[in-house]
Amino acid sequence: MMEYIGASGIPITFDNVPIQDKIDFHFILSFAIDADPSGNSQNGTFSPYWANTLTPDSVLAIKQKNPNNVKALASLSGWSLGQKVLSWYNPIDTQLWISNAFTSLKLIIQNYHLDGVDIDYENFPKKNNATFAYCIGELITLLKNQSVISVATIAPYHKTMIPYIELFTNYGGVIDYVNHQFYTDKVGSPEAYLRAFTLRAAQFDKEKLLPSYEVNGRGIQGDTFFDALELLEENGFDVNGVMIFSADASSSNNYYYEIKSQAFLLNSTNA
């Protein structure tokens, strides 16, 4: 299970999120951003902007409560900071950006007891995006080689396929999961979801690709999502996990989709 948490600004906590003992549960804190509070880029120097209720002590506590199956990641960038839409920018000195990112993220990861990073840059300049794949790929590689993180994920969506495919093609060996945002593909039926998943499985690695769901949001909604998961399995795909956006939204419906997703995964695993 992958669950984004902390992006909405509401005082969300880990405490009420249901976690099954036999499910590896990854909380993705949203977001760490290489920008100042006004949205001005900081050349790779990241700061945490997730809900202030997600404290280092609370991360440590949920991991101690679930020592065998809970991890926590920092998601990088996201769509916006306040009213400022965030975009990847091409650093003039890529080595300096990588160095700044490594140093600042190492401090955040150690302070918050995190296990990994999720890459969620969602806007790119129209030209010259070559620095993205290189900078992010080298950053993940360095974080892993220095044992700062143990897991790395990426979160492409339909408008960001080109830079993320380049990243995965060149650095797929250090990327553990692909949290593709299928809810942006505007699919509303299990059959359409299957077609979208088949396309993305060919672009990435079907074993690393996770189906995703946006609570009270875009794309397929309600129990039809679970019909889509069943259809994926009927067509030969192993559903290795589920990504949900987000715990913030699910807190108002008693985490229905988290409970049902984990039940599906347990049944799938035991089948």
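1. Arg 218 is partly exposed, with a relative accessible area of 44%; here buried means under 20% relative accessible area, exposed over 50% and partly exposed in between (1.4 Å probe, protein chains only). The side chain of Arg 218 forms a salt bridge with that of Glu 214, at 2.9 Å from N to O; a salt bridge is a side-chain nitrogen of Lys or Arg within 4 Å of a carboxyl oxygen of Asp or Glu. Glu 214, at 10% relative accessibility, counts as buried.

2. This is a predicted model, in which local features need pLDDT of at least 70 and side-chain atom pairs count only at pLDDT 80 or more, while totals for chains, interfaces and linings use all residues. Residues are numbered from 1 along each chain as its sequence is written, and side-chain values use heavy atoms, with hydrogens and water left out.

3. The structure holds 5 salt bridges. One of them joins the side chains of Lys 63 and Asp 115, at 3.0 Å from N to O. Lys 63 belongs to helix H1 and Asp 115 to the loop between H2 and S7, so this pair ties together parts that are 52 residues apart in sequence. Helices (H or I, at least four residues) and strands (E, at least two) are DSSP runs, numbered from the N terminus. Both partners, Lys 63 and Asp 115, are buried.

4. A further salt bridge is formed by the side chains of Lys 260 and Asp 223, at 3.3 Å from N to O. This pair links distant parts of the chain, with Lys 260 in helix H8 (residues 256-270) and Asp 223 in the loop between strand S10 (212-214) and H6, 37 residues apart. Lys 260 is partly exposed at 31% relative accessibility, and Asp 223 is partly exposed with a relative accessible area of 36%.

5. Helix H1 (residues 56-65) has Ser 58, Val 59, Ile 62 and Lys 63 as buried residues. They lie on the same side of H1 because they cover an arc of only 135° around the axis, the arc being that of the directions from the helix axis to the C-beta atoms. The face of H1 turned away from this buried side carries the exposed residues Asp 57, Gln 64 and Lys 65.

6. Two cis peptide bonds deserve a look. Ser 30 and Phe 31 are joined by a cis peptide bond with omega of about 10°, and Phe 31 is found in strand S2 (residues 25-33). Phe 245 and Ser 246 are likewise joined by a cis peptide bond, with omega of about 5°. Ser 246 lies in the loop between S11 and helix H7 (247-250).

7. Most residues other than glycine have a negative phi, and most peptide bonds are trans. His 113, although not a glycine, has a positive phi of about 60°. His 113 is placed in the loop between helix H2 (94-112) and strand S7 (116-121) and is partly exposed, with a relative accessible area of 26%. Ser 147, also not a glycine, has a positive phi of about 60°. Ser 147 is found in the loop between helix H3 (130-145) and strand S8 (151-154) and is exposed, with a relative accessible area of 64%.

8. A patch of negative charge on the surface gathers Glu 207, Asp 227, Glu 230, Glu 233, Glu 234 and Asp 238. Patches are made of residues with over 30% relative accessible area and no salt bridge, like charges being joined within 9 Å and nonpolar side chains (Val, Leu, Ile, Met, Phe, Trp, Tyr) within 5 Å. Asp 238 is found in the loop between helix H6 (224-234) and strand S11 (243-245), and is partly exposed, with a relative accessible area of 46%.

Technical notes:
Areas by Shrake-Rupley, 256 points an atom, 1.4 Å probe, with all protein chains shown as cover. Lys, Arg positive; Asp, Glu negative; His and termini not counted. Charge placed at Lys NZ, Arg CZ, Asp CG, Glu CD.
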